[in-house]
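Biologist: Could you take me through this model and tell me what stands behind the words used for it?

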Amino acid sequence: MAISPGKDATFSSQKSALSESPRTKTFPLTEEEIFYMNCRAAYLTVFKSSLENIISKEQLYLALQHAGRNPSQKTINKYWTPQTAKLNFDDFCIILRKEKPTSKAELLKSFKQLDVNDDGSILHTDLYKLLTKRGEKMTREEVNAVISLADVNADGKFDYIKFCKLYMTTIEQCLKTTVEKLEVDSKLRHQQFGSHTEGSPERDPSPVPKPSPRIIRKTDQETFSNKGDTRSSLLATTRKFKTSVSFTITMGANSNQNSKLTEPNSIKEWQCVQSKGCFFLEEDGEIISHQYWMQIAQRSMVYLTIKPLNLSQVEGKPSPWLSVDTALYILKENESQANLQLMCFTELRNREMFGWTGELGPGIYWLIPSTTGCRLRKEIKPITEEAQLVYRDGTGELFLTKEFRSTLSDIFEVIDLDGNGLLSLEEYNFFELRTSGEKCDEDAWAVCRDNFDTKKNELTKQGFMDLNLMEANDREGDPRDLWVTLHSMGYNKALELTEACPFIIDIYADKCKPRIKAVHMEACSGQLEKAICKSVLNKGDARVMDGYENIIVHTYKCDTWITSVIENKSNNKVIIHINNELSKNCINNRGLNIFAVEVAPKSTMVCQHVMPLNERQEWIYYCVYSLIS
C-alpha cells in the first residue's frame, strides 16, 4: 500500500508480480512437468514445504508411499544408510526416478507364481508358508489379519486378482488426492523445487493422510519366492499398528446451552477497554492473528470476551466469518516473556461470543487469540467474475467504485484496533506489515499527514480512501496492486471476506481500568500451542496406549469443540495414525478423516480440533488413535 507519491517502484512491481495468474490449462503439461508435479504432491503430503528435508527413515517411507511406490525395508536401507543425516527434495526426485511404480500386470505376474490351479487365487495354507517362513517374516496373527479381509478372501483362498484391482485403485486415488490438494493451494503450486541451503524453521510435524499400501515390484531376474516386496505389501495392511486407543463422545444439538456465558450482575459499574483484531489465513493454511499485552493494576474480578466482528453485510447474505469459533488464552508474564504461565481461557459461550470470568492479580498478561481452523479454511470454489475496483468518468478522472469503497470501509473498521475512528501510525503499520511486509517510518507518516486527511496525527477514513485512490492513480488505473492488498486481507475476487475473521475483545474489571495493547501479529503457534496443550492436559480425559505407558492421548470436550493432544513421554519419536471415519456430522482442522502425526520425544502436540458440521444436529466424535510400528 503506497502512502506517498513516488513510493519505491521496485516494491510496487513485486506486488504486481504476486497478483499475476499462474500458467493456464491451455498449455498441456509435459511428461517432465507431470513427473515433478506428482513428486511435489507426494512430498507436500508429508512436509509443509518442498524446502524441508527428510530427516528419518519413517518420513522417507511415507513420502515414497504417497508417490505410489513400494518401499521394502531393503529399498529404504539402500537410500537411508547409517551415514545419512537428511535427504532433500532433489534427492527424493532422484529416488522416484529409480524406483518406478508397479503396473497391474507386474503385480499379477508376481502372484501368479503361487497360483498352482491358475484360477486367480492362492490357498491360505500356501500363503501361510510364504509369509511366515521367508523374507520379511510375518507372525501367524498378522497372516490371519490378511486372510480375514472379507473383500479378497473366501472358501480358504486369497483372491489376488481382486486384491490387485483394489490395490491399484487405492494407489491411483491416493495420487489423485495429493495432486488435487496441490492444485488447490496456489502457494504450493508456485513454490520452487529443490533444496535450500538454510535450515528450515522448527515446526510441528505436518499431518499426513493414511499411508497407502505398498505396491509389489518385480525387477530383473528376481523370483517371487526370494523377494520381500510382495510380503512387504501384505505386511503394510496388517503391521501398521502396535496398539490403539479410541474415544467416543456424543454431543447433542446446540449443546452450548449447557454452560452458557453470563455477564456478572454488576458489570455496568466495572471499567472497560476494547480492542479489535483479525485472524488471517495464509496461503499454506496457517493462521496468524494479532496478539496483545494486558495490564491489571490491582487485584480485580475480570470479565473477558471475544467474538467475531460484525461488519456491514449484504442483506439476506450472512457473513461467513461470523460462524468462525474464537477463543482467548490468558497467560501471566512472570520474569520474562519467555516464561508465561497459563491462567485461563474463554471456554464459556453465548451464541458467537466466548468469555471467562474470574479474579486476576496485578501484573502483565498476554492475550493470545485462537481459532481451531475448522471453519476458517481455504476457499475452494472458483470465483470467475472479478469485481470492479476503479472507473473513469466522462472527463477521464479516476474514482473508486461503490463496492470497493464499502470494502475499504470494512477494512478500515478492522485495522482501527482501538475503535476511535482514526488510524494511528501503530495501527497502520499492522496493516502495512500484513499487506506489503514493510513498515511506515515517521518521515513517511509525515508525508502521509501532509497529503491526506488526518486528525490528531491519525489518518481518517476519508484519508484512507484517498490513499487507495492515489495508489490506483499511480498505476494509471491498473488494479493489480489493490488486489494484492485485498487478497492479503482475506478478500476474494468477488470482494467477499472468506479467508479472514475479524474479532473484537472486551475486558471489564471491577477495581481498576485494564490496559490492552496489540504488540504482535504472529502465527497461531508457539506459545499458543503450549497453552492449548497445557489446558487440555489439565482438563481433558487422558488415555494411555495399551502397553505403552509413555504415550498418552488427552481429549478435552467443551460444548462447542473437541481438542485432542498427544503426549509422548518416551525418549523416541512416535508416529500416531488417526482415524475419524466413523465420526458423524463432524469437521476437523486437518481437513482429512485419516492422517498421521509424528510426535517428538518428550513433547506434547495438538493433534486435532473437531467441531460439528451442523450445530443444529447431534454430532458424534469417534476417533481411533493407533501407534504405527
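Modeller: Happy to! This is a predicted model, where local features need pLDDT of at least 70 and side-chain atom pairs count only at pLDDT 80 or more, while totals for chains, interfaces and linings use all residues. Residues are numbered from 1 along each chain as its sequence is written, and side-chain values use heavy atoms, leaving out hydrogens and water.

Biologist: Why is helix 3 called oblique to helix 5?

Modeller: The axes of helix 3 (residues 57-66) and helix 5 (residues 89-98) cross at roughly 55 degrees and come within 11 Å. That angle makes helix 3 oblique to helix 5, since under 35 degrees counts as roughly parallel, over 145 as roughly antiparallel, 65 to 115 as roughly perpendicular and the rest as oblique.

Biologist: Which residues meet there?

Modeller: Leu60, Ala63 and Leu64 in helix 3 meet Phe92, Ile95 and Leu96 in helix 5. The contact residues (heavy atoms within 4.5 Å) are six nonpolar, no polar and no charged.

Biologist: What makes helix 16 largely enclosed by the rest of the structure?

Modeller: Seven of the nine residues of helix 16 (residues 480-488) are buried, that is, under 20% relative accessible area with a 1.4 Å probe, protein chains only. Trp483 and Leu486 are among them. Just after helix 16, Gly490 has a positive phi of about 100 degrees.

Biologist: Where is confidence lowest, and where highest?

Modeller: On pLDDT, the predictor's confidence in each residue from 0 to 100, helix 1 (residues 9-19) is lowest with a mean of 35, and strand 18 (residues 500-509) is highest at 97. The protein averages 81.

Methods:
Axes fitted to C-alpha atoms, helices over the stretch in contact; angles between N-to-C directions. Helix = DSSP H or I, 4+ residues; strand = E, 2+ residues; numbered from the N terminus. Nonpolar A, V, L, I, M, F, W, Y, C, P; charged D, E, K, R; others polar. Buried < 20%, exposed > 50% of the residue type's maximum accessible area, 1.4 Å probe, protein only.
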